[in-house]
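Here's a quick tour of a protein model, written for someone meeting it for the first time. Have a look at the picture, then work through the notes below.

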Amino acid sequence: MITLKEVSKTYRTKDGDFSALVPVSLEVGEGEIFGIIGQSGAGKSTILRMMNLLEKPSTGSVIVNGQNLSQCTPRELRVARRWIGMIFQHFYLLQNRTAADNIAFPLEISGMSKKDREKRVKECLEIVGLEDKASSYPAQLSGGQKQRVAIARALATEPKVLLCDEPTSALDPQTTGSILEFIRDINKRFGMTIVLVSHDMEVVKQVCGKIAVVEKGSLIETLDLGRRDQQPKTEIARLLLGSRPEVLKGVGAYV
Ligand SMILES: Nc1ncnc2c1ncn2[C@@H]1O[C@H](COP(=O)(O)OP(=O)(O)OP(=O)(O)O)[C@@H](O)[C@H]1O
(Lines give C-alpha, C1' and ligand atoms only; values in the text may rest on other atoms or scores of the structure.)
Protein backbone atom coordinates (compact mmCIF):
# COMPACT_ATOMS: atom_id res chain seq x y z
CA MET A 1 0.00 0.00 0.00
CA ILE A 2 2.87 2.39 0.85
CA THR A 3 6.35 2.09 -0.62
CA LEU A 4 9.23 4.39 0.19
CA LYS A 5 12.10 3.93 -2.24
CA GLU A 6 15.42 5.37 -1.15
CA VAL A 7 13.83 8.49 0.29
CA SER A 8 16.10 10.91 2.10
CA LYS A 9 15.65 14.32 3.66
CA THR A 10 18.10 17.16 3.99
CA TYR A 11 16.84 20.33 5.64
CA ARG A 12 18.25 23.70 4.64
CA THR A 13 18.99 25.62 7.85
CA LYS A 14 20.71 28.95 8.46
CA ASP A 15 23.75 26.96 9.64
CA GLY A 16 23.86 24.93 6.42
CA ASP A 17 22.39 21.64 5.26
CA PHE A 18 21.22 19.15 7.89
CA SER A 19 20.75 15.52 6.90
CA ALA A 20 17.71 14.37 8.90
CA LEU A 21 17.34 11.08 7.05
CA VAL A 22 19.74 9.03 4.93
CA PRO A 23 18.07 7.02 2.12
CA VAL A 24 15.33 4.81 3.56
CA SER A 25 13.30 2.12 1.83
CA LEU A 26 10.28 0.48 3.39
CA GLU A 27 7.03 -1.21 2.53
CA VAL A 28 3.74 -1.03 4.42
CA GLY A 29 1.22 -3.67 3.34
CA GLU A 30 -2.52 -3.11 2.90
CA GLY A 31 -4.44 -3.47 6.17
CA GLU A 32 -1.35 -3.42 8.38
CA ILE A 33 -0.82 -1.37 11.49
CA PHE A 34 2.80 -0.36 11.03
CA GLY A 35 4.75 1.35 13.81
CA ILE A 36 7.73 3.67 13.43
CA ILE A 37 9.62 3.82 16.69
CA GLY A 38 12.77 5.60 17.83
CA GLN A 39 14.06 8.30 20.13
CA SER A 40 13.32 11.99 19.88
CA GLY A 41 14.93 13.53 16.81
CA ALA A 42 15.55 10.14 15.14
CA GLY A 43 13.56 11.10 12.04
CA LYS A 44 10.24 9.30 12.67
CA SER A 45 7.94 12.23 11.87
CA THR A 46 10.02 13.10 8.84
CA ILE A 47 9.39 9.60 7.43
CA LEU A 48 5.68 9.78 8.23
CA ARG A 49 5.24 13.26 6.74
CA MET A 50 6.87 12.09 3.54
CA MET A 51 4.15 9.45 3.16
CA ASN A 52 1.65 12.15 2.18
CA LEU A 53 4.30 14.55 0.92
CA LEU A 54 3.68 17.05 3.74
CA GLU A 55 7.47 16.84 3.71
CA LYS A 56 8.96 16.66 0.23
CA PRO A 57 11.74 14.05 0.04
CA SER A 58 15.13 15.36 -1.06
CA THR A 59 15.65 12.14 -3.04
CA GLY A 60 13.70 8.97 -3.78
CA SER A 61 10.06 8.20 -4.42
CA VAL A 62 6.89 7.76 -2.38
CA ILE A 63 4.30 5.40 -3.82
CA VAL A 64 0.91 5.14 -2.12
CA ASN A 65 -1.81 2.85 -3.47
CA GLY A 66 0.11 2.50 -6.73
CA GLN A 67 0.50 6.24 -7.30
CA ASN A 68 3.92 7.89 -7.28
CA LEU A 69 3.22 10.95 -5.14
CA SER A 70 6.68 12.37 -5.77
CA GLN A 71 5.71 12.88 -9.42
CA CYS A 72 2.23 14.32 -8.85
CA THR A 73 1.25 17.83 -9.88
CA PRO A 74 -0.09 19.98 -6.98
CA ARG A 75 -3.65 19.26 -8.17
CA GLU A 76 -3.07 15.48 -8.37
CA LEU A 77 -1.52 15.60 -4.91
CA ARG A 78 -4.58 17.36 -3.46
CA VAL A 79 -6.78 14.58 -4.85
CA ALA A 80 -4.42 11.81 -3.66
CA ARG A 81 -4.37 13.23 -0.13
CA ARG A 82 -8.12 12.65 0.19
CA TRP A 83 -7.43 9.00 0.76
CA ILE A 84 -4.55 9.62 3.17
CA GLY A 85 -5.88 10.82 6.53
CA MET A 86 -3.59 12.14 9.25
CA ILE A 87 -3.81 12.80 12.99
CA PHE A 88 -1.33 14.60 15.24
CA GLN A 89 -0.21 14.76 18.85
CA HIS A 90 -1.80 18.20 19.36
CA PHE A 91 -4.99 17.46 17.35
CA TYR A 92 -4.90 20.72 15.30
CA LEU A 93 -8.65 21.32 15.47
CA LEU A 94 -10.08 24.66 14.32
CA GLN A 95 -10.98 26.37 17.60
CA ASN A 96 -13.78 28.52 16.16
CA ARG A 97 -15.63 25.56 14.66
CA THR A 98 -17.76 22.98 16.43
CA ALA A 99 -16.80 19.30 16.41
CA ALA A 100 -19.24 18.70 13.54
CA ASP A 101 -17.88 21.65 11.54
CA ASN A 102 -14.29 20.48 12.09
CA ILE A 103 -15.23 17.09 10.66
CA ALA A 104 -17.05 18.77 7.76
CA PHE A 105 -14.02 20.90 6.87
CA PRO A 106 -12.19 18.46 4.52
CA LEU A 107 -15.54 17.66 2.88
CA GLU A 108 -16.18 21.36 2.19
CA ILE A 109 -12.75 21.61 0.59
CA SER A 110 -13.49 18.57 -1.57
CA GLY A 111 -16.69 20.25 -2.80
CA MET A 112 -19.24 17.83 -1.28
CA SER A 113 -22.84 19.09 -1.10
CA LYS A 114 -24.21 20.28 2.26
CA LYS A 115 -26.68 17.40 2.46
CA ASP A 116 -24.01 14.73 1.82
CA ARG A 117 -21.64 16.48 4.24
CA GLU A 118 -24.19 16.38 7.03
CA LYS A 119 -24.77 12.68 6.44
CA ARG A 120 -21.05 11.86 6.44
CA VAL A 121 -20.35 14.01 9.53
CA LYS A 122 -23.07 12.12 11.39
CA GLU A 123 -21.55 8.77 10.36
CA CYS A 124 -18.08 9.89 11.48
CA LEU A 125 -19.35 11.15 14.83
CA GLU A 126 -20.96 7.74 15.33
CA ILE A 127 -17.73 5.90 14.49
CA VAL A 128 -15.91 7.75 17.29
CA GLY A 129 -18.91 7.72 19.67
CA LEU A 130 -19.28 11.49 19.91
CA GLU A 131 -22.80 12.06 18.55
CA ASP A 132 -23.64 14.08 21.68
CA LYS A 133 -20.68 16.46 21.16
CA ALA A 134 -21.51 17.56 17.61
CA SER A 135 -22.18 21.15 18.69
CA SER A 136 -19.30 21.44 21.18
CA TYR A 137 -16.26 23.59 20.46
CA PRO A 138 -12.76 22.11 20.94
CA ALA A 139 -12.27 24.15 24.15
CA GLN A 140 -15.27 22.31 25.65
CA LEU A 141 -13.80 18.85 24.96
CA SER A 142 -11.31 16.68 26.87
CA GLY A 143 -8.00 15.70 25.24
CA GLY A 144 -9.32 12.25 24.33
CA GLN A 145 -12.51 13.73 22.86
CA LYS A 146 -10.45 16.21 20.81
CA GLN A 147 -8.38 13.36 19.40
CA ARG A 148 -11.58 11.46 18.58
CA VAL A 149 -12.87 14.49 16.66
CA ALA A 150 -9.51 14.63 14.86
CA ILE A 151 -9.85 10.92 14.00
CA ALA A 152 -13.40 11.52 12.73
CA ARG A 153 -12.15 14.44 10.61
CA ALA A 154 -9.37 12.25 9.20
CA LEU A 155 -11.93 9.55 8.33
CA ALA A 156 -14.42 11.95 6.73
CA THR A 157 -13.05 11.58 3.20
CA GLU A 158 -12.99 7.75 3.55
CA PRO A 159 -9.21 7.40 3.31
CA LYS A 160 -7.45 4.10 2.68
CA VAL A 161 -4.51 5.11 4.85
CA LEU A 162 -4.34 6.78 8.27
CA LEU A 163 -1.06 8.39 9.33
CA CYS A 164 -0.77 8.92 13.10
CA ASP A 165 1.98 11.17 14.47
CA GLU A 166 2.35 10.51 18.22
CA PRO A 167 -1.46 10.37 18.54
CA THR A 168 -1.47 9.63 22.28
CA SER A 169 1.55 11.58 23.54
CA ALA A 170 -0.59 14.41 24.95
CA LEU A 171 -3.01 12.02 26.69
CA ASP A 172 -3.13 10.26 30.06
CA PRO A 173 -2.66 6.45 30.12
CA GLN A 174 -6.35 5.60 30.34
CA THR A 175 -7.31 7.90 27.46
CA THR A 176 -4.33 6.56 25.51
CA GLY A 177 -5.83 3.08 25.87
CA SER A 178 -9.19 4.18 24.49
CA ILE A 179 -7.65 6.03 21.52
CA LEU A 180 -5.53 2.97 20.67
CA GLU A 181 -8.72 0.92 20.87
CA PHE A 182 -10.30 3.25 18.27
CA ILE A 183 -7.28 2.91 16.02
CA ARG A 184 -7.46 -0.90 16.21
CA ASP A 185 -11.21 -0.79 15.60
CA ILE A 186 -10.84 1.41 12.50
CA ASN A 187 -8.18 -0.96 11.18
CA LYS A 188 -10.45 -3.95 11.65
CA ARG A 189 -13.77 -2.44 10.54
CA PHE A 190 -12.52 -0.68 7.44
CA GLY A 191 -9.36 -2.69 6.67
CA MET A 192 -7.54 0.62 6.83
CA THR A 193 -3.77 0.73 6.56
CA ILE A 194 -2.38 2.59 9.55
CA VAL A 195 1.11 3.98 10.15
CA LEU A 196 1.77 5.10 13.69
CA VAL A 197 4.79 7.05 14.91
CA SER A 198 5.65 6.81 18.56
CA HIS A 199 8.62 6.94 20.91
CA ASP A 200 6.59 4.84 23.37
CA MET A 201 7.12 1.07 23.30
CA GLU A 202 3.88 0.43 25.18
CA VAL A 203 1.86 2.18 22.47
CA VAL A 204 3.58 0.34 19.63
CA LYS A 205 3.31 -2.98 21.47
CA GLN A 206 -0.43 -2.62 21.88
CA VAL A 207 -1.39 -2.00 18.28
CA CYS A 208 1.34 -2.62 15.73
CA GLY A 209 1.92 -5.80 13.75
CA LYS A 210 5.12 -4.59 12.09
CA ILE A 211 7.61 -1.98 13.13
CA ALA A 212 10.51 0.03 11.77
CA VAL A 213 13.20 1.15 14.22
CA VAL A 214 14.77 4.51 13.38
CA GLU A 215 17.94 5.84 14.97
CA LYS A 216 19.76 9.08 14.19
CA GLY A 217 18.30 9.47 10.73
CA SER A 218 18.72 5.83 9.67
CA LEU A 219 16.25 2.99 9.39
CA ILE A 220 17.99 0.29 11.40
CA GLU A 221 15.53 -2.59 10.98
CA THR A 222 11.97 -3.60 10.22
CA LEU A 223 10.37 -6.45 12.12
CA ASP A 224 7.18 -8.47 12.10
CA LEU A 225 6.22 -8.63 15.77
CA GLY A 226 4.23 -11.79 15.18
CA ARG A 227 7.25 -13.82 14.01
CA ARG A 228 9.63 -15.54 16.36
CA ASP A 229 12.40 -16.34 13.85
CA GLN A 230 13.93 -12.87 13.69
CA GLN A 231 17.22 -11.53 14.98
CA PRO A 232 16.59 -8.05 16.39
CA LYS A 233 19.48 -5.62 16.05
CA THR A 234 18.30 -2.99 18.50
CA GLU A 235 17.40 -3.05 22.19
CA ILE A 236 13.93 -1.64 21.40
CA ALA A 237 13.23 -4.49 18.97
CA ARG A 238 14.56 -7.09 21.42
CA LEU A 239 12.25 -5.78 24.13
CA LEU A 240 9.27 -5.59 21.78
CA LEU A 241 9.74 -9.12 20.47
CA GLY A 242 10.38 -10.50 23.95
CA SER A 243 7.28 -8.99 25.51
CA ARG A 244 4.95 -9.60 22.60
CA PRO A 245 3.03 -12.76 23.58
CA GLU A 246 1.62 -11.78 26.96
CA VAL A 247 1.01 -8.17 26.05
CA LEU A 248 -0.94 -8.89 22.91
CA LYS A 249 -2.79 -11.93 24.15
CA GLY A 250 -6.34 -11.70 22.90
CA VAL A 251 -5.90 -8.35 21.20
CA GLY A 252 -5.56 -9.54 17.60
CA ALA A 253 -4.66 -6.07 16.40
CA TYR A 254 -2.73 -7.06 13.37
CA VAL A 255 -4.76 -8.01 10.32
N1 LIG B 1 11.97 21.93 9.25
C2 LIG B 1 13.12 21.49 9.76
N3 LIG B 1 14.27 22.17 9.61
C4 LIG B 1 15.44 21.72 10.11
N5 LIG B 1 15.58 20.57 10.81
C6 LIG B 1 14.46 19.85 11.01
C7 LIG B 1 13.18 20.26 10.51
N8 LIG B 1 12.27 19.33 10.88
C9 LIG B 1 12.94 18.39 11.58
N10 LIG B 1 14.26 18.70 11.66
C11 LIG B 1 15.29 17.91 12.32
O12 LIG B 1 15.31 16.62 11.72
C13 LIG B 1 15.54 15.62 12.72
C14 LIG B 1 14.42 14.60 12.68
O15 LIG B 1 13.22 15.24 13.10
P16 LIG B 1 11.87 14.43 13.32
O17 LIG B 1 10.82 15.41 13.75
O18 LIG B 1 11.60 13.62 12.12
O19 LIG B 1 12.26 13.48 14.52
P20 LIG B 1 11.34 12.54 15.43
O21 LIG B 1 12.03 11.23 15.52
O22 LIG B 1 9.95 12.56 14.91
O23 LIG B 1 11.42 13.30 16.82
P24 LIG B 1 10.31 13.60 17.95
O25 LIG B 1 9.94 12.27 18.52
O26 LIG B 1 11.02 14.48 18.92
O27 LIG B 1 9.18 14.28 17.23
C28 LIG B 1 15.66 16.35 14.05
O29 LIG B 1 17.03 16.51 14.36
C30 LIG B 1 14.99 17.67 13.79
O31 LIG B 1 15.57 18.69 14.59
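Let's start with Glu 6, which sits in strand E1 (helices, H or I, have at least four residues and strands, E, at least two; both are DSSP runs, numbered from the N terminus). Bear in mind that this is a predicted model: local features need pLDDT of at least 70, side-chain atom pairs count only at pLDDT 80 or more, and totals for chains, interfaces and linings use all residues. Residues are numbered from 1 along each chain as its sequence is written.

- Glu 6 isn't a glycine, yet its phi is positive, near 50°.
- Is Glu 6 buried or exposed? It counts as exposed, because it has 12 C-beta neighbours inside 10 Å. (The cut-offs: a residue is buried if 20 or more other C-beta atoms lie within 10 Å of its own, exposed if 12 or fewer, and partly exposed in between, with C-beta atoms placed from the backbone.)
- Phe 91 is another non-glycine residue with a positive phi, about 65°.
- You'll find Phe 91 in the loop between strand E6 (84–88) and H3.
- Phe 91 is buried, because 20 other C-beta atoms lie within 10 Å.

**The whole chain**

- The protein chain has 8 helices and 10 strands.
- Its radius of gyration (taken over C-alpha atoms) is 18 Å, close to the 18 Å from the globule rule for 255 residues, so the chain is as compact as a globular protein of that length. That rule is 2.2 Å times the number of residues to the power 0.38.
- Picture a box of roughly 50 × 45 × 35 Å along the principal axes: the C-alpha atoms of the protein chain fill it.
- Buried residues make up 40% of the 255 residues.
- Among contacts in the chain with a separation of 6 or more, 66% join residues 24 or more positions apart. (Two residues are in contact if their C-beta atoms, placed from the backbone, lie within 7 Å.)
- UniProt, in an unreviewed entry, places the feature "domain: ABC transporter" at residues 2–241. UniProt positions are given in the numbering used here, feature names are shortened, and annotations may be inferred rather than shown by experiment.
- Over residues 2–241 the chain is 35% helix and 28% strand, with its end C-alpha atoms 24 Å apart.

**Around the ligand**

- Which residues are closest to the ligand? They are Tyr 11, Ala 20, Ser 40, Ser 45 and Thr 46, out of 13 that surround it. (To be near it, a residue needs its C-beta atom, placed from the backbone, within 6 Å.)
- Strand E1 (2–13), strand E2 (16–28) and helix H1 (44–50) each supply at least two residues of this shell.
- H1 gives the largest share, 3 residues.
- By class, the shell has 4 nonpolar, 8 polar and 1 charged residues. (Ala, Val, Leu, Ile, Met, Phe, Trp, Tyr, Cys and Pro count as nonpolar, Asp, Glu, Lys and Arg as charged, and the others, Gly among them, as polar.)

**The nonpolar core**

- In soluble globular proteins, nonpolar side chains tend to be buried together.
- The largest nonpolar core here has 67 residues, and Ile 103, Ala 152, Leu 163, Cys 164, Val 195 and Ile 211 touch the most other members. (Such a core is a set of buried Ala, Val, Leu, Ile, Met, Phe, Trp, Tyr and Cys residues joined through C-beta atoms within 7 Å.)
- Helix H5 (residues 143–155) brings the largest share of this core, 6 residues.
- Leaving out residues up to four places away in sequence, Leu 163 touches Leu 48, Met 51, Asn 52, Ile 84, Met 86 and Val 195.

- Buried residues in H3 are Ala 99, Ala 100, Asn 102, Ile 103, Ala 104, Pro 106 and Leu 107.
- Their cover includes helix H4 (114–127) and H5.
- Phe 105 is also found in H3 (residues 99–109), but it counts as partly exposed because it has 16 C-beta neighbours inside 10 Å.
- Phe 105 and Arg 153 are 48 residues apart in sequence, yet 7.7 Å apart in space, C-alpha to C-alpha.
- After H3 comes Gly 111, with a positive phi near 90°.
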